[in-house]
Every structure is written in C-alpha cells, then in structure tokens.
Amino acid sequence: MSATVLAAALLAAAPAEPSHTPAVDYALHCQGCHLVDGRATPGSVPALSGTVARLARTPGGREYMARVPGVAQAPLGDAELAALLNWVVQRFGPVADFAPYGADEVGRLRAQPLVDVAAARRALLGGDAH
Amino acid sequence: MANDRLDRWLERRARKLARGTSRRSFLARLGTIAVGAAGLPLLPVLRASAGERAPAPDEVALAGRPEGDPKRCEYWRHCAIDGFLCACCGGSQNTCPPGTEMSSITWIGTCKNPADGKDYIISYNDCCGQSICGRCNCQRTEREKPVYITPKNNDALWCFGTKSRAVQCSVAVVLGVATES
C-alpha cells in the first residue's frame, strides 16, 4: 500500500464533524452575536435584518457578505458556507431575485480577506452603517 | 307495587344521568379542575420570570427526559462551560439570578444529552451586573476553541451589550437539537 493510499484511507476513517442544516449552522456560527432575529446590538454587532437585503442589491455587497470575517473564517466547507449564506439572505431579506451563492464562488471570495471591514461597510451602506 | 314504581323511577333517573354525563366528559371536567388547581400556585412565579426573558425552549425540547443535576460541572449541558454555575448562585441552568442581566451576545456550542444520545445546541450566556458568584466554578472544554477563534472561546467574558461588564455566573440554555443534514 503506498503512502498516499494509506493517508487517504486514514482520512476516510477519521471521524468528521457532522454536517448540519443551514439553520443549525446559523445557530452554531452566527447567532451568538447576530441573535436569533438578526437585530443589531448597538455598539457591538451590526444588524443582519434589513441590512442583508440592502447589501444584496448594492454592487459589491454580494462579495462583501462572503468576505466579512465571521463568514470567511467560519469553520465550514465552501459548499456548507454557500448554503448558509443563501439561507441568511432569504431569512433576513428575503431577496426574491437573488442568484444563490455557489461553493466555488464562496471559496474564491473567502480567500480575499477584508483588511478594513468598517471602511468597506461604510463604502457600501453609507455613514450610518452599523 | 310501590316498590316496582320506585324501581322504575330510579332506573329512569339512572339512565337519564348516564346518557347526559359520559365518563369522558366527567374526566375532562376533573382534569380541568386538577390542572387549574395545580396552576394557581405557580402563577406568581411564572409572572416573575416572564419579565426577565423570553421562555427558552429547554422545557419544550427536553420535556419528560431525565435532566441530571444542574449544580454539577458534570451535568450534560455544561460540556463546554467556563465559570460559575448560575444554578448555584440564585438562578438556574437557564435563568439568571435576580438583579443580573443576561447577555444576549453569547457563545454557542453543542453537547450530547446522554438521556437520548442527541446533540443539542447550547448557548452559554453570562449573567451580568453583579460581582462574581464564587460557587460551583466549572471549566469544561468540549469543542471549545482557543482564544484566537474568539466566537468559540469560553475564556472570554461574554457580557456584551449589557449595562454592566461585571460577570456573576453562566447559564447553559438549550436552543434546540443540532439537526444534521
């Protein structure tokens, strides 16, 4: 047995983290700060409710949502993250004509970190963005 | 003859009574009375807790299942708790002690309930606004991450968005079952 085959066999045998529904992934990876209804905590956490729809309709907003630190660094694979983002857009939009994120697209976007999140947010949503 | 008439009259009364009152309706009325009587002494308690927070789904998710001792670190919900258990500090496993404010911002993980083998989503909320409780200090770390992965770290104080940053104790609120896809 070659080392590659052995490594592949070991990887396949390793217990994987369970894959959850997007609603559960939201609870596990987003809700701690964004709360169950996506409302803002003034001074600490910006709102998802209402803001997601504005971002979805703003040029550059689609890319921004996949690049913010909480999304880009979530401990999820690209496909799971895309499913979670699509769930968030509809849960806190909804945005009827929104083309769903794809796994490849999310993989590409999350690899480009936002160096200054607040500045990027202001550029997209204006000065009152929080 | 008089006895016959009395028998017939009693029989008619008994049959009429039986037709008009089924056992089911009797049990329903008895149940209503029993539940009402049981609820009356609880009403002031429910009113007092209703003002503090929305009802957690713990009771719904775990209805009828053995829960264990929420004053122990080994209690299943505490699989990643770090801090003083509110159950030992005048609160419970899902309510803050009087005079403290539950932080809405929190960190969230999962714990397996040995009663049914399911993974439950657990929210570890800090209760803020009073000095530390000092009783039942627990440090468990299942699926908890190092501090550089802040949203999954339990060393941090999670009194965000509260009037005070002083932490008294921590609760472990069940949010639901971690349904797998």
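Visitor: At what angle do H2(A) and H7(A) pack?

Guide: In this predicted model, the axes of H2(A) and H7(A) are 9 Å apart. An angle from 65 to 115 degrees counts as roughly perpendicular, and H2(A) is therefore roughly perpendicular to H7(A). The angle between them is about 90°.

Visitor: Which residues make the contact of H2(A) with H7(A), and how do they divide by class?

Guide: From H2(A) come A:Pro22, A:Ala23, A:Asp25 and A:Tyr26. H7(A) contributes A:Glu80, A:Ala83, A:Leu84, A:Trp87 and A:Val88. By class, the residues of this contact are seven nonpolar, no polar and two charged.

Visitor: How many residues of H2(A) are buried, and which elements do they pack against?

Guide: H2(A) is mostly covered, with seven of its eight residues buried. Those seven are A:Pro22, A:Val24, A:Asp25, A:Tyr26, A:Ala27, A:Leu28 and A:His29. They pack against H3 and H7 of chain A and also against E3, E4 and E6 of chain B.

Visitor: At what angle do the axes of H7(A) and H8(A) cross?

Guide: The axes of H7(A) and H8(A) come within 8 Å. The range for roughly perpendicular is 65 to 115 degrees, so H7(A) is roughly perpendicular to H8(A). Their axes cross at roughly 100°.

Visitor: Which residues make the contact of H7(A) with H8(A), and how do they divide by class?

Guide: On H7(A) the residues are A:Asp78, A:Ala79, A:Leu81, A:Ala82 and A:Leu85. On H8(A) they are A:Ala103, A:Val106 and A:Gly107. The division is six nonpolar, one polar and one charged.

Visitor: Which element gives the largest share of the largest nonpolar core?

Guide: The largest nonpolar core has 54 residues, and those with the most contacts inside it are A:Leu85, A:Val88, B:Cys86, B:Ile121 and B:Ile122. The elements giving two or more residues to this core include H2, H4, H5, H7 and H8 of chain A, together with E3, E4 and E6 of chain B. The largest share is eight residues, and it comes from H7(A).

Visitor: Which residues is B:Ile122 in contact with, leaving aside its neighbours within four places in sequence?

Guide: B:Ile122 is among the residues with the most contacts inside the largest nonpolar core. Beyond four places in sequence, its contacts are B:Arg77, B:Ile108, B:Gly109, B:Thr110, B:Cys111, B:Ala172, B:Val173 and B:Val174.

Visitor: How many residues does each chain give to the contact of chain B with chain A, and what classes are on the chain B side?

Guide: Chain B gives 14 residues and chain A gives 14 residues. On the side of chain B that touches chain A, the classes are eight nonpolar, five polar and one charged.

Visitor: How many helices and strands does chain A have?

Guide: From the N terminus on, the elements of chain A run α-α-α-α-α-α-α-α-α. Chain A has 130 residues, of which 28% count as buried. Its count is nine helices and zero strands.

Visitor: What is phi of B:Arg143?

Guide: B:Arg143 is in the loop between E5 and E6 of chain B. With 13 C-beta neighbours inside 10 Å, it counts as partly exposed. Most residues other than glycine have a negative phi. For B:Arg143, phi is positive, near 60°.

Visitor: Which peptide bond is cis, and what is its omega?

Guide: Most peptide bonds are trans. A:Pro94 is found in the loop between H7 and H8 of chain A. The bond from A:Gly93 to A:Pro94 is cis, with omega near -15°.

Visitor: Where in chain B is confidence lowest?

Guide: Chain B averages a pLDDT of 79, and 69% of the residues score at least 70. Over residues 36–51 of chain B, pLDDT stays under 50, and the model has one contact beyond four places in sequence for them. Where pLDDT is low, the predicted coordinates should not be read in detail. Confidence in chain B is lowest, at a mean of 40, in helix H3 (residues 43–50).

How values were computed: Residues numbered from 1 in each chain as written. Chains lettered and ligands numbered in written order. Predicted model: local features only at pLDDT ≥ 70, side-chain atom pairs only at ≥ 80, totals over all residues. Contact = placed C-beta atoms within 7 Å. Nonpolar A, V, L, I, M, F, W, Y, C, P; charged D, E, K, R; others polar. Core = buried A, V, L, I, M, F, W, Y, C linked by C-beta atoms within 7 Å. Buried ≥ 20, exposed ≤ 12 C-beta atoms within 10 Å, placed from the backbone. Helix = DSSP H or I, 4+ residues; strand = E, 2+ residues; numbered from the N terminus. Axes fitted to C-alpha atoms, helices over the stretch in contact; angles between N-to-C directions. Parallel < 35°, antiparallel > 145°, perpendicular 65-115°, else oblique. pLDDT = per-residue confidence, 0-100.
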